[in-house]
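Here are my notes on the model you sent. They are set out as numbered points, each on one topic.

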Amino acid sequence: QVQVAESGGGLVQAGGSLRLSCAASGRRFIAMGWFRQAPGKQREFLVASSGNGGSTYYADSVKGRFTISRDNAKNTVYLQMNSLKPEDTAVYYCAAQYGSRWSAEVPPDYWGQGTQVTVSS
């Protein structure tokens, strides 16, 4: 059984940076990504990585500010968030797909419980 768990959320001032981590267990080299959901809004795709890290996919809304990376020795992906804005305030979710290639056509198979990121103005 695959499980993913996020960590690293918190409160940060606008313009600041934060790094989220997501550790996976139960399977290695799986495609993993990040989503977020702000109050009253739908869950939004942010970024994803293939299992070997060779391919990454970014939503236009975060391109240039957010970066996904992974350490396969630790079976962990990271979301580096820079130049944070108050509108980035949301619960951030890690997600994984069973295979090694990320597909935007199907929903993730596994979800973390989410971690709150709050950006103050």
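How many bridges join strand 1 to strand 3, and do the two run parallel or antiparallel?

1. Basis. The model is predicted: local features need pLDDT of at least 70, side-chain atom pairs count only at pLDDT 80 or more, and totals for chains, interfaces and linings use all residues. Residues are numbered from 1 along each chain as its sequence is written, and side-chain values use heavy atoms, with hydrogens and water left out.

2. Strands 1 and 3. Five bridges join strand 1 to strand 3 (residues 18-25), and the two run antiparallel. Strands here are DSSP runs of E with at least two residues, numbered from the N terminus, and two strands pair if DSSP finds at least two bridges between them. A5 has A23 of strand 3 as its bridge partner, while V4 stands opposite A24 in strand 3. Buried means under 20% relative accessible area, exposed over 50%, and partly exposed in between (1.4 Å probe, protein chains only).

3. Four strands make up an open sheet in the order 1-3-8-7, with antiparallel pairing. Strand 1 (3-7) and strand 7 are at the edges with a single partner strand each, so one side of each has no neighbour in the sheet. From one strand to the next the twist averages 20°; axes are lines fitted to C-alpha atoms, and angles run from 0 to 180 degrees between N-to-C directions.

4. Strand 4 and its partners. Five of the six residues in strand 4 are buried. Strand 4 is joined to strand 5 by five bridges, running antiparallel, and W34 stands opposite V47 in strand 5. These two strands form a hairpin with six residues between them, and G40 in the turn has a positive phi of about 75°. Six bridges join strand 4 to strand 9, again antiparallel, with M32 opposite A96 in strand 9.

5. Nonpolar cores. A nonpolar core is a set of buried Ala, Val, Leu, Ile, Met, Phe, Trp, Tyr and Cys residues joined through side-chain atoms within 4.5 Å. The largest has 28 residues, and M32, W34, L79, M81 and Y92 have the most contacts inside it. Two or more residues come from each of strand 3, strand 4 (32-37), strand 5 (44-49), strand 7, strand 8, strand 9 (90-96) and strand 11 (115-120). Another core, of six residues, lies apart from it and includes A31, F35, A48 and W102. Leaving aside neighbours within four places in sequence, L79 is in contact (heavy atoms within 4.5 Å) with residues including L18, L20, W34, V47, F66 and Y92.

6. Disulfide. With a disulfide taken as a pair of cysteine sulfur atoms within 2.5 Å, the count is one. C22 is joined to C94, with S to S at 1.9 Å. The torsion about their S-S bond is about -80°, so the disulfide is left-handed. The pair links distant parts of the chain, with C22 in strand 3 and C94 in strand 9, 72 residues apart. Both C22 and C94 are buried.

7. N75. Beyond its neighbours within four places in sequence, N75 is in contact with C22, A23, A24, S25, R27, R28 and F29.
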